[in-house]
Amino acid sequence: MTPSCRILIPYRSNSFLGIPFKKTHNSFHTNLSNFRFNFKQKYDFYNYPPCILGSGRIINRTRTLLGSNSSLGQSRVFSSHCNNGINPRGYHVIASVASNFRNYSTSVEKTRDNDKNFERIYVQGGLNNVKPFVVDKVDLDEQYDLQQHVNNDEKVEGVKEEESQAVKEAWKLLENAVVTYCGSPIGTLAANDPNDKLPLNYDQVFIRDFIPSALAFLLKGEKEIVRNFLLHTLQLQSWEKTVDCYSPGQGLMPASFKVRTVPLDDNKYEEVLDPDFGESAIGRVAPVDSGLWWIILLRAYGKITGDYGLQERVDVQTGIKLIINLCLSDGFDMFPSLLVTDGSCMIDRRMGIHGHPLEIQALFYSALRCSREMLSLDEGSKNLVNAINNRLSALSFHIREYYWVDMKKINEIYRYKTEEYSTEATNKFNIYPEQIPHWLMDWIPEEGGYLIGNLQPAHMDFRFFTLGNLWSIVSSLGTPKQNEAILNMVEAKWDDLVGLMPLKICYPALESEEWRIITGSDPKNTPWSYHNGGSWPTLLWQFTLACIKMNRIDLARKAVDLAEKRLRVDQWPEYYDTRYGKFTGKQARLYQTWTIAGFLTSKMLLENPEMASLLFWEEDYDLLEICVCALKKSGRKKCSRGAAKSQILV
């Protein structure tokens with residue numbers, strides 16, 4: 001019996017992407033128990049001999065593809081032969097994502113967005129098979145002498161020996177976490193603890209979690225798994241997922257997906273990709289960051305491998321446009337920052353970050369810069385590129401001007417006048433000085449500063465969110481002086497932000513009544529645990545990248561050395577609890593893949609710092625020449641772009 005692998009997509013012509021179909025037979029011989037990444041398969045899931053089906057209806061746990069007039073569209077199945085060396089079986093790959101609106105063609109529907117014409121391409125469909133996440137209570141109260149523990153260093157020879165063993169074990173664990181789909185590697189499990197009897201959704205491939213894994217593979221020279229991941233997740237884009245009859249915008253990327261094996265007749269099986277767009281997530285929140293991370297990884301893939309042909313494909317170009325158009329959609333918001341709900345990013349539970357969290361703004365800025373680099377410049381994308389430039393300019397000014405705090409800025413807020421009504425108002429967001437927390441006045445150093453976690457009318461979230469600040473450095477969302485000041489503050493507040501395990505996801509933790517009100521009494525986000533001030537080793541690679549960019553490799557090495565002494569001994573946990581990261585998280589998964597991959601990526605970046613330049617962005621001074629904050633015809637004054645530019649150049 002010859003097993004097969006099929007992809008179902010709708011069609012309009014007898015060619016795909018303007019290229020006639022040709023026959024190909026790809027053989028896969030993969031021993032899953034001893035998989036060591038010899039990615040020599042010449043697997044391209046777009047090369048399949050055609051087979052006509054009568055209608056677009058898919059059976060076996062899928063749905064009907066509908067056109068704009070709710071009529072059934074026709075479909076075409078492209079099949080390829082694949083073989084598993086251990087146990088051959090039939091595969092039925094359902095990666096259908098296109099409705100009659102998309103078809104991976106260049107035909108588009110024109111709409112207006114900020115008086116600009118954008119390409120609108122719609123797709124639909126989906127599955128729903130992911131179990132909800134279950135949590136237990138965390139309640140820790142720690143008194144610990146940090147300095148005594150930090151000074152208890154090992155001998156140099158012992159450290160070097162442990163380094164080698166840690167790296168060797170990390171690579172073995174990362175390889176064992178690989179997920180295959182029709183015999184081809186497609187991603188890595190979120191966690192791969194052999195003793196975990198209740199994996200929940202940790203046995204899935206998360207887009208955000210796979211980023212450090214992808215970088216580790218790319219830096220090692222293994223690109224096939226990353227290419228497969230990018231293309232297959234693209235096939236999952238924009239399936240219509242509903243929660244009580246409402247659907248997210250077209251262009252949405254799933255938070256995660258799972259490869260499921262479904263039995264058929266005659267001892268045959270099929271493999272299906274089952275995505276989760278938030279309909280199975282805690283709180284039922286759609287992921288905002290998945291599409292942004294996908295674009296960032298696409299650019300990194302091209303930079304490291306030199307394979308820019310992937311970016312130029314029509315389907316990939318369409319995927320980029322769908323994501324960016326979704327992010328640039330008009331709404332009621334007045335700010336250039338992206339409006340999102342709680343739980344839509346790495347902090348995927350209620351933590352009071354709804355509105356305009358810094359993490360999303362930094363990723364949004366990066367994705368816009370990536371898209372501007374990768375989009376093909378033609379008549380169809382000209383308006384979109386113009387809109388990207390305008391948004392980049394407005395977003396960078398907004399974050400640099402209103403999110404930044406240091407001693408000088410805090411003193412200005414302390415003396416704010418409120419209830420100001422005019423375009424000349426100094427306190428534009430009506431921030432009341434009483435919002436400045438007492439801990440901040442004594443905590444922030446004289447030399448240093450950071451970008452606050454959130455800004456909304458009458459609300460500033462003064463917490464330090466590590467990912468947003470680090471990625472602001474990496475993407476040059478902050479000015480060069482601000483980027484330097486952020487790392488100066490991390491160094492000055494090393495015990496608070498790094499402690500015994502890099503790095504705090506946010507500081508400080510919400511406690512007492514504040515924790516009860518803001519988190520909804522979340523028993524997993526108790527003070528100094530999980531998202532509420534927990535320590536996440538996966539942030540290590542982003543810290544390393546930021547340090548290399550700002551020529552502070554000493555800080556990166558110090559953090560990596562701290563992590564290396566404990567991660568292998570502690571079995572690579574997801575996060576650490578307590579104020580200084582003393583204990584393994586009470587509900588932390590062991591052998592967490594992005595902990596492992598973040599460590600490996602950090603080590604390789606430190607060994608080859610020149611590779612880091614492929615992953616970060618330098619300041620774009622051309623953006624400072626664009627002023628989209630002023631309404632020239634309204635007679636209102638322009639924003640202080642000249643002042644912002646002069647500040648950067650100083």
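How closely do the axes of helix 3 and helix 18 come, and at what angle do they cross?

**View 1. The crossing of helix 3 and helix 18 in this predicted model.** The axes of helix 3, which spans residues 207-220, and helix 18, which spans residues 593-607, come within 8 Å and cross at roughly 35°, and the crossing is left-handed. Helix 3 brings to this contact Arg208, Asp209, Pro212, Ser213, Leu215, Ala216, Leu219 and Lys220, which meet Thr593, Trp594, Ala597, Gly598, Leu600, Thr601, Met604 and Leu605 of helix 18.

**View 2. The pairing of strand 11 with strand 12.** Strand 11, made up of residues 256-263, pairs with strand 12 in the antiparallel sense over eight bridges. Within this pairing, Val259 has Leu273 of strand 12 as its bridge partner.

**View 3. Helix 8, residues 358-374.** This helix has 17 residues and reaches 24 Å from its first C-alpha to its last, which is close to the 24 Å expected at 1.5 Å a residue. Helix 8 is also mostly covered, with 15 of its 17 residues buried.

Conventions. Residues are numbered from 1 along each chain as its sequence is written. This is a predicted model: local features need pLDDT of at least 70, side-chain atom pairs count only at pLDDT 80 or more; totals for chains, interfaces and linings use all residues. Side-chain values use heavy atoms; hydrogens and water are left out. Two strands pair if DSSP finds at least two bridges between them. Helices (H or I, at least four residues) and strands (E, at least two) are DSSP runs, numbered from the N terminus. The expected span of a helix is 1.5 Å times one less than its number of residues. Buried means under 20% relative accessible area, exposed over 50%, partly exposed in between (1.4 Å probe, protein chains only). Axes are lines fitted to C-alpha atoms, for helices over the stretch in contact, and angles run from 0 to 180 degrees between N-to-C directions. A crossing is left-handed if the near helix is turned anticlockwise from the far one by less than a right angle, and right-handed if clockwise. Contact means heavy atoms within 4.5 Å.
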